[in-house]
Amino acid sequence: MGDNLEVALFDQRFEAAIAGRLDAAGGDGETVTVVGRHCESGDVLVDGVALPHPRVGDLLAVPATGAYCFTMANNYNGTRRIPVAFVADGAARLVVRRETWADLLARDVE
């Protein structure tokens with residue numbers, strides 16, 4: 001709802017994997033539905049993805065989120081927009097910083 005509207009609006013399909021275990025076969029793990037941080041029926045990010053033994057604390061990677069995900073991100077329910085990182089050859093670099101509370105409140109008038 002706040003981070004990726006393409007699934008809810010356009011029925012776009014995305015993939016996901018557990019960072020650090022990208023080569024692991026998901027067949028012996030679990031098939032899960034990845035949801036966002038809002039309790040809304042349309043807040044599904046990836047439906048039916050096989051993840052190899054997901055655990056609390058795992059970092060979930062969505063390798064490609066489409067051309068419009070960032071531009072459609074919003075402050076739904078007063079949440080801050082997420083950062084964007086590019087990853088290549090084992091190195092990551094931040095290209096858009098996480099939105100701060102000051103950023104979120106900057107347009108408020110008293």
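Okay, so Asp-11 sits in the loop between helix 1 (6–10) and strand 1; helices (H or I, at least four residues) and strands (E, at least two) are DSSP runs, numbered from the N terminus. This is a predicted model, where local features need pLDDT of at least 70 and side-chain atom pairs count only at pLDDT 80 or more, while totals for chains, interfaces and linings use all residues. Residues are numbered from 1 along each chain as its sequence is written, and side-chain values use heavy atoms, with hydrogens and water left out.

Back to Asp-11. Its phi is positive, about 60°, although it is not a glycine. Most residues other than glycine have a negative phi. Asp-11 is also exposed, with a relative accessible area of 68%. For the cut-offs, buried means under 20% relative accessible area, exposed over 50%, and partly exposed in between, with a 1.4 Å probe and protein chains only.

Now, where else do we get a positive phi in a residue other than glycine? At Asp-89, with phi near 50°. Asp-89 is in the loop between strand 5 and strand 6, and at 85% relative accessibility it counts as exposed. Those two strands make a hairpin with 2 residues between them. They run antiparallel, joined by 5 bridges; two strands pair if DSSP finds at least two bridges between them. If you want a spot to look at, Phe-86 is opposite Arg-93 in strand 6. And how many of the 6 residues in strand 6 (residues 91–96) are buried? The count is 0, so that strand is hardly covered.

Zooming out for a second. The chain has 3 helices and 6 strands, in the order α-β-β-β-β-α-β-β-α from the N terminus on. Its C-alpha atoms fill a box of roughly 55 × 35 × 25 Å along the principal axes. Of the 110 residues, 23% are buried. Take contacts, meaning heavy atoms within 4.5 Å, between residues at least 6 apart in sequence: 59% of them join residues at least 24 apart.

One of the buried residues is Arg-21, with a relative accessible area of 18%. Arg-21 is in the loop between strand 1 (17–18) and strand 2 (30–35). What does Arg-21 touch, leaving aside neighbours within four places in sequence? Pro-52, His-53, Arg-55 and Asp-58. With His-53, a polar atom of the Arg-21 side chain lies 3.1 Å from the backbone oxygen.

Compare a loop residue like Ser-41, between strand 2 and strand 3. Ser-41 is exposed, with a relative accessible area of 77%. Ser-41 and Ala-8 are 33 residues apart in sequence, and 8.9 Å apart in space, C-alpha to C-alpha.

Last thing, the pocket. On a 1 Å grid over the protein atoms alone, a pocket is an open set of points where a 1.4 Å probe fits, with protein on both sides within 12 Å along at least five of seven lines, and lining residues have an atom within 4 Å of a point. The largest pocket has a volume of about 1200 Å³, counted as the space filled by probe spheres set on the points, which are joined across faces, edges and corners. Of its 32 lining residues, the closest to the centre are Leu-60, Ala-61, Val-62, Thr-65 and Ile-82. Strand 5 gives the most to the lining, with 4 residues. By class, the lining has 24 nonpolar, 5 polar and 3 charged residues, where Ala, Val, Leu, Ile, Met, Phe, Trp, Tyr, Cys and Pro count as nonpolar, Asp, Glu, Lys and Arg as charged, and the others, Gly among them, as polar.

Methods. Polar contact = N/O pair within 3.5 Å; in protein donor to acceptor, adjacent residues only side chain to side chain.
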